[in-house]
Amino acid sequence: DVYKRQAYHCARTTQSQLADNKLSEFFGAPDSKGRLDTRVQVRKLAPAIIPAQLEMEPWRLFHFCPRCGRRRKAAPKAPLFHCGACGFHYHFNPTLAVAVIVVREDGRVLFIRRARSPGKGKLGMPGGFVDFGESAEEAARRETREEVGIELDDMRFLGSYVNRYPYKGLTYVTLDLFFVARSRSRRARALEDVQTVCWLKPAEVRTSELAFVSMRKAWKRWARGSRGSGQMRRGQLQGT
């Protein structure tokens with residue numbers, strides 16, 4: 001079982017203060033061929049080691065070549081995996097995500113309350129990850145439609161910010177692309193992965209309530225532009 005072998009290797013290399021016999025209590029001793037007993041549940045190691053050690057970037061967990069299966073000999077040079085045995089060469093790139101500051105004609109902005117971790121219960125903008133074959137604009141429109149059920153008009157690019165997205169033991173480094181768009185609809189509703197939706201005046205938004213660092217930076221940038229341009233007029237975007 002590759003996952004157990006990698007978890008075993010991770011625990012051994014990062015928890016050197018634990019003796020092999022102590023690790024064997026969790027995993028069971030490998031057999032003569034170095035294989036672990038697949039009946040042993042990895043969860044026996046939690047919460048002491050697994051959450052702390054596997055909450056990391058995906059590239060750090062590649063201890064074996066995905067092409068030939070050879071164990072990596074040297075520590076990885078971020079964010080690159082290179083196999084000296086078969087020549088397999090792979091760059092780990094940031095994951096692309098999008099979010100939209102949706103402005104209604106009366107100047108209120110659409111926010112969601114996140115239904116899942118990370119950031120469960122916190123405020124966010126409609127958005128999500130870019131799928132293969134999509135442009136960022138297509139992903140922004142799709143995610144908004146899936147999460148709150150509205151269509152966007154006059155979408156403009158605001159800026160991009162780096163973020164870290166912890167999910168199921170891994171932390172993904174993302175590049176979040178933010179857009180500003182208009183919506184004439186007042187019928188946004190909580191759909192996929194959304195607890196509730198709300199239309200807030202910009203002055204009502206507390207930056208500390210936003211789920212991610214990238215969202216806080218994007219919101220501050222947009223809010224500064226809005227204030228610098230004076231009170232937002234009906235139907236007008238201040239996104240750049």
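Predicted model: local features only at pLDDT ≥ 70, side-chain atom pairs only at ≥ 80, totals over all residues.
Are they buried or exposed? Both glutamate 143 and arginine 142 are buried. For arginine 142 the relative accessible area is 14%, and a residue counts as buried when this value is under 20%.

Glutamate 146 has a relative accessible area of 30% and is partly exposed.

Now extend the selection to Asp131 and Glu134. Together with Arg142, Glu143 and Glu146, these residues are linked in a network of salt bridges. In the structure as a whole, the count comes to 10 salt bridges.

**A bridge between two loops**

Next, select arginine 116 and aspartate 193. Their side chains meet in a salt bridge, at 3.1 Å from N to O. Where in the chain do arginine 116 and aspartate 193 lie? Arginine 116 is in the loop between strand S4 (109-114) and strand S5 (123-124), while aspartate 193 is in the loop between strand S8 (170-183) and strand S9 (194-200); the pair therefore ties together parts that are 77 residues apart in sequence. Arginine 116 is exposed, at 52% relative accessible area, whereas aspartate 193 is partly exposed, at 35%.

**Backbone features in the loops**

Stay with aspartate 193 and turn to the backbone. The phi angle of aspartate 193 is near 60 degrees, a positive value in a residue other than glycine. Most residues other than glycine have a negative phi, and most peptide bonds are trans.

Select lysine 168, in the loop between strand S7 (153-167) and S8. Here too phi is positive in a residue other than glycine, with a value near 50 degrees. Lysine 168 is exposed, with a relative accessible area of 73%.

Then select serine 117 and proline 118. What kind of peptide bond joins serine 117 and proline 118? The bond is cis, with omega at about 0 degrees. Proline 118 lies in the loop between S4 and S5, the loop that also holds arginine 116.

**Aromatic pairs**

Colour the aromatic residues next. The structure holds 12 aromatic pairs. Begin with phenylalanine 62 and phenylalanine 92, an edge-to-face pair whose centres are 5.0 Å apart and whose planes stand at 75 degrees. Phenylalanine 62 lies in the loop between helix H3 (50-54) and strand S1 (80-82), and phenylalanine 92 in the loop between strand S2 (89-91) and strand S3 (95-104), so this pair ties together parts that are 30 residues apart in sequence. Phenylalanine 62 is partly exposed, at 28% relative accessible area, whereas phenylalanine 92 is buried, at 15%.

Move on to phenylalanine 111 and tryptophan 219. This aromatic pair is edge-to-face, with 5.3 Å from centre to centre and 70 degrees between the planes. The pair links distant parts of the chain, with phenylalanine 111 in strand S4 and tryptophan 219 in helix H5 (residues 213-228), 108 residues apart. Phenylalanine 111 and tryptophan 219 are both buried.

**The nonpolar cores**

In soluble globular proteins, nonpolar side chains tend to be buried together. In this structure, the largest nonpolar core has 22 residues. Select Ile101, Phe111, Met125, Phe178, Trp219 and Trp222, which have the most contacts inside this core. S3, S4, S7, S8 and H5 each supply at least two of the core residues. Which element provides the largest share of this core? The answer is H5, with five residues.

Centre the view on phenylalanine 178. Leaving aside neighbours within four places in sequence, phenylalanine 178 is in contact with several residues, among them Ala99, Met125, Phe157, Tyr161, Met215 and Ala218.

For the last stop, select Val100, Ile112, Ala136 and Ile150. These residues are included in a second, separate core of 18 residues.

How values were computed. Residues numbered from 1 in each chain as written. Heavy atoms only, no water. Salt bridge = Lys/Arg side-chain N within 4 Å of Asp/Glu carboxyl O. Helix = DSSP H or I, 4+ residues; strand = E, 2+ residues; numbered from the N terminus. Buried < 20%, exposed > 50% of the residue type's maximum accessible area, 1.4 Å probe, protein only. Phe/Tyr/Trp six-rings, centres within 6.5 Å; stacked < 30°, edge-to-face > 60°. Core = buried A, V, L, I, M, F, W, Y, C linked by side-chain atoms within 4.5 Å. Contact = heavy atoms within 4.5 Å.
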